[in-house]
Amino acid sequence: MEGDLAHGLRAMWAAARERGLHAPKLSPADWTRAIAEVLRLGVVGPRPPAPVTQARLRGSMHSKARDRAAISHHYDLSNDFYRLLLDETMAYSCGYWPDDKTEAAPAEAQRAKLELICRKLALVPGARLLDIGCGWGSLTLYAAQQHKVRVTAVTLAREQAAYVREQVRERGLTDRVEVVCQDYRDITGSAYDAVATIEMGEHVGDDEYPAFAAALHRLVRPQGRVLVQQMSRGTTAPGGGAFIEAYIAPDMHMRPMGETVGLLEAAGLEVRSVESLREHYVRTINAWHQTLEERWPDFVRLVGEETARAWRLYLVGGALAFEERRMGVDQFLAVRPGATGDSNLTGAEAGDWYRRLAEL
C-alpha cells in the first residue's frame, strides 16, 4: 500500500461495513493491467516460504512451555527494541490522559496511569504488592519509589526480568523489590495487600482464565484489592486476529468486557469499579507508531525490515481497532471481601482517585 497506511485501512474497512467487499467490474484494459501486476508481484506460481518472523509454537495450547515460548516471541524481541519504541517509563500498556491535561506527553500519560492504579489499590508505605506480568517494571518501580511499597514482580520474559533487576539496582530499591522469572501458576505466596496484572490476562487463554482469576483471589488477603487492566473485544469482533497471532503475540485471547467481570466474580472477587480506557489506547498506540516512523532506519537496523513492517501494520491496525470499538481496554478493580463481606472501599475514596493527576 502506498501512502498513509491508516487511511487506507480505514477506507477499506468502511467500504466493507457499508457495501461489503465485491469484485469490481473490469474492462479488458483493466484486466490486462491487473494480470501484469499479478505477474510482477509473483502472485502466481509456487507459494513463497513463510516469513522468518512468523511464530512457530509447539505443544499444547497454554502449557507452561508453550506460554513461555509465546511470551518470548513477543517480549524478548530485545530490550533495545522496546527502549527505542517506548518512552522513558518503559510502560508497554495503555496510558491515561487526565481531562485537564489532554495535551500531555506519552510519558506523562503513563505516569498518570501508574498513579491511578496505585490509588485504586490504596497502596501505603510498607504494603505488599504482587505485580503479575510486570513488563519492564513501570508499575513495580513507580510503586516502590513513589509509594514505598514492597513489590514482588513476576514475568516470564527473561529480557524483561534482566532489565527490571538492573533498574532496581540502579535506583537503590533492592530492599523493596524482588524480581521473579516464572509462570503465574507457580507463584506460591499469599496474603498480598494488593495484586496488579496490567495487560497480561490476554495471554492466559480462555479455558485457563477461571484458574487465573482463582489465583488472583488466592494471592490477595481478605479486604485486599486486585486491579486487572486488560484488553477486550467487541461481542462480534475477533480481537487480535490471525495476523497478530502469527507475527506479534501468539496465543493471545480477548473476550468482551462483561465476560471478564463474570469470571472475576465467579472466583470470589467482588468487582467494584470498571473503567474503559479505549480512547486513551488510540492515543497511546499512535504515539508508538509515530516513534516507529520517526526512527524507522534505527528500527530496521535493529530488527530488520520485515519485523519493522510487521510492527507498523500491527500498530496502525491496533489503533484503528480501538478507534472503531472492535477492541477495548478496561481497568477492573476488585476486592476479596472479608469474612463478614466488608470491602473496606467507599465512594468517598473513589472520588479522590483522579484528583490532581495532571500535576504528576
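The structure is a predicted model in which local features need pLDDT of at least 70 and side-chain atom pairs count only at pLDDT 80 or more, while totals for chains, interfaces and linings use all residues. Residues are numbered from 1 along each chain as its sequence is written, and side-chain values use heavy atoms, with hydrogens and water left out.

Helices (DSSP runs of H or I, at least four residues) and strands (runs of E, at least two) are numbered from the N terminus. The expected span of a helix is 1.5 Å times one less than its number of residues. Helix 2, residues 28-41, contains 14 residues, and its first and last C-alpha atoms lie 20 Å apart, close to the expected 20 Å. Directly after helix 2 comes Gly42, which has a positive phi near 75°. Helix 11 covers residues 278-294; its 17 residues should span 24 Å, and the 25 Å between its end C-alpha atoms agrees with this.

Helix 11 also has a set of buried residues, where buried means under 20% relative accessible area, exposed means over 50%, and partly exposed lies in between (1.4 Å probe, protein chains only). Among the buried residues of helix 11 are Tyr281, Val282, Ile285, Trp288, His289 and Leu292. Thr291, also in helix 11, is buried with a relative accessible area of 16%. Contact here means heavy atoms within 4.5 Å. With neighbours within four places in sequence set aside, Thr291 is in contact with Leu84, Leu85 and Phe299.

Next come pairs of helices. Two packed helices are described by the angle between their axes and the distance between the axes. Axes are lines fitted to C-alpha atoms, for helices over the stretch in contact, and the angles run from 0 to 180 degrees between N-to-C directions. Angles under 35 degrees count as roughly parallel, over 145 as roughly antiparallel, 65 to 115 as roughly perpendicular and the rest as oblique. A crossing is right-handed if the near helix is turned clockwise from the far one by less than a right angle, and left-handed if anticlockwise.

Helix 5 (residues 106-120) and helix 6 (residues 138-146) pack with their axes 10 Å apart, at an angle of about 65°. Helix 5 passes helix 6 in a right-handed crossing. On the helix 5 side, the contact is made by Arg111, Leu114, Glu115, Ile117 and Cys118, and helix 6 supplies Ser138, Leu139, Tyr142 and Ala143. Sorted by class, this contact of helix 5 with helix 6 has 6 nonpolar, 1 polar and 2 charged residues. In this sorting, Ala, Val, Leu, Ile, Met, Phe, Trp, Tyr, Cys and Pro count as nonpolar, Asp, Glu, Lys and Arg as charged, and the others, Gly among them, as polar.

A second pair is helix 8 (residues 209-219) and helix 10 (residues 257-266), whose axes come within 8 Å and cross at roughly 55°. This makes helix 8 oblique to helix 10. Their crossing is right-handed. Here Tyr209, Pro210, Ala213 and Leu216 of helix 8 meet Thr260, Leu263 and Leu264 of helix 10. The residues of this contact of helix 8 with helix 10 divide into 6 nonpolar, 1 polar and no charged.

Helix 8 also holds His217. His217 and Pro337 are 120 residues apart in sequence, and their C-alpha atoms are 9.8 Å apart in space. Not counting residues up to four places away in sequence, His217 touches Ala267, Gly268, Leu269 and Arg336.

Leu269 is also one of the residues touched by Val335, together with others including Gln223, Arg225, Glu270 and Ser343, again leaving out residues up to four places away in sequence. Val335 lies in strand 7, residues 327-335, and counts as buried at 0% relative accessibility.

Most residues other than glycine have a negative phi. Ala122, however, has a positive phi near 55°. Ala122 sits in the loop between helix 5 and strand 1 (128-132) and is partly exposed, at 36% relative accessible area. Arg325 also has a positive phi, near 65°. Arg325 is found in the loop between helix 13 (305-323) and strand 7, and is exposed, with a relative accessible area of 62%.
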